[in-house]
Amino acid sequence: MVELENMKHTILGAGGSIGNALAFKLIEKGENLRLVSRSGFSISGAETVKADITNYDETAESVAHSDVTYLCAGLKYDIRVWREEWPKIMRNVIDACKKAGSRLIFFDNVYMYGKVEGKMTETTPINPCSKKGEVRAKIARMLEEEIVKKNITAIIARAADLYGPWSTKSSVPWIMVFNNLMNGKKAQWLVNDHVPHSYTYTADCADALYLLANDPISFNQVWHMPTSNPAPDGKTFIEMTAKELGVAPKHMVLSKTMVRIGSIFDRTIAEINEMLYQNQYPYYFDSTKFNTRYAFTPKSYADGIRETIEFLRK
């Protein structure tokens, strides 16, 4: 790996779980950093730009003079918003990076894979089985087509579901496990607490993105973010969290029927409904390619849970 000096790093979607983890990593490394968000989110040591990346001119201005641009944006968990805004964002970011000559790292999820038998790897076929998966497949293909045409230098960095520091906004473990147990409530789990489910630690993602950005050989590929294996099942994840907190591992499983009933009254729950296959069946996320290339050992679940609790308590 060759570390490139004096690079300008730009994070599109600052303020989210990965945007925050990456921002603090880049500041720790003394990098020249620009944070871009609709809210004007700021961190000491970084330039702040308030912009809407669904607008091309604002996107192009935000990306200007960047050596590496990270697309870490998150949208409201609503298929109507995703269909409208994700293709527009991807088109704007691709065109802005091409104009600026910036390399692009797109932080992606695994929805486009659909239901997978066995391990998810970088060569797993795109075969979405959900509406949101179809949107993620569409935008991934948009970027891949530009890479194949050699119009852009880019990386697709994919992660499993997230947990860890800064993941309190949308992380299922935070909402259903950490938050509940820390407030004297029963933990909750979706559909099936006896199948393994991989989770990627946010701080590992930040380390991985920094390594990739500084390695020219890493570009124009798909990389899975470092994720510990074997994955625990829901019951084990809850027990590890409860043990670290010093509380009883009481929990309840929300069945598909319960989620469907809840979806009548809550739009977000309705959006979760089509993704329940990820919790009903084994969910194996494999990062062997990254771990081998960078001699990287992902954070164990026990250590990750402990560090997450320490972060939340602070």
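Trainee: Quick one to start: over how many bridges do E1 and E4 pair?
Mentor: Four, and E1 and E4 run in the parallel sense. Two strands pair here if DSSP finds at least two bridges between them. Strands (E, at least two residues) and helices (H or I, at least four residues) are DSSP runs, numbered from the N terminus. Before we go on: this is a predicted model, where local features need pLDDT of at least 70 and side-chain atom pairs count only at pLDDT 80 or more, while totals for chains, interfaces and linings use all residues. Residues are numbered from 1 along each chain as its sequence is written, and side-chain values use heavy atoms, leaving out hydrogens and water.

Trainee: Got it. Which residue of E4 is the bridge partner of His-9?
Mentor: Val-68. E4 also pairs with E5 in the parallel sense, again over four bridges, and there Tyr-70 has Ile-105 as its bridge partner.

Trainee: And in what order do the strands of the open sheet come?
Mentor: E3-E2-E1-E4-E5-E7-E11, seven strands with parallel pairing. Strand E3 (47-50) and strand E11 (221-224) are the edges: each has a single partner strand, so one side of each is left without a neighbour in the sheet. On average, neighbouring strands of this sheet are turned by 20° against each other, direction ignored. At the E3 end, four bridges join E3 to strand E2 (residues 32-37), with Val-36 opposite Val-49 in E3.

Trainee: Which strands does H3 lie across?
Mentor: Helix H3 (residues 79-100) lies across strand E1 (8-12), strand E4 (68-71) and strand E5 (103-108), at about 175° to E4. Angles run from 0 to 180 degrees between N-to-C directions, with axes fitted to C-alpha atoms, for helices over the stretch in contact. Helix H6 (residues 202-213) lies across E4, E5, strand E7 (154-158) and E11, at about 155° to E5.

Trainee: At what angle do H1 and H6 pack?
Mentor: About 55°, with the axes of helix H1 (residues 17-28) and H6 8 Å apart. That makes H1 oblique to H6; angles under 35 degrees count as roughly parallel, over 145 as roughly antiparallel, 65 to 115 as roughly perpendicular and the rest as oblique. The contact (heavy atoms within 4.5 Å) includes Ile-18 and Leu-22 of H1 and Leu-209 and Tyr-210 of H6.

Trainee: Nice. How do H3 and H4 cross?
Mentor: At roughly 10°, with the axes of H3 and helix H4 (residues 131-148) coming within 10 Å. So H3 is roughly parallel to H4. Among the residues that meet are Trp-82, Trp-86 and Met-90 in H3 and Val-135, Ile-139 and Met-142 in H4. By class there are 10 nonpolar, no polar and eight charged residues; Ala, Val, Leu, Ile, Met, Phe, Trp, Tyr, Cys and Pro count as nonpolar, Asp, Glu, Lys and Arg as charged, and the others, Gly among them, as polar.

Trainee: Changing topic: which residues does the cis peptide bond join?
Mentor: Asn-229 and Pro-230, with omega about 5°. Pro-230 is in the loop between E11 and H7. Most residues other than glycine have a negative phi, and most peptide bonds are trans.

Trainee: What is the phi of Asn-220, then?
Mentor: Positive, about 65°, although Asn-220 is not a glycine. Asn-220 sits in the loop between H6 and E11 and is partly exposed, at 40% relative accessible area. Ala-295 also has a positive phi, near 45°; Ala-295 lies in the loop between helix H11 (288-293) and H12 and is exposed, at 71%.

Methods:
Buried < 20%, exposed > 50% of the residue type's maximum accessible area, 1.4 Å probe, protein only.
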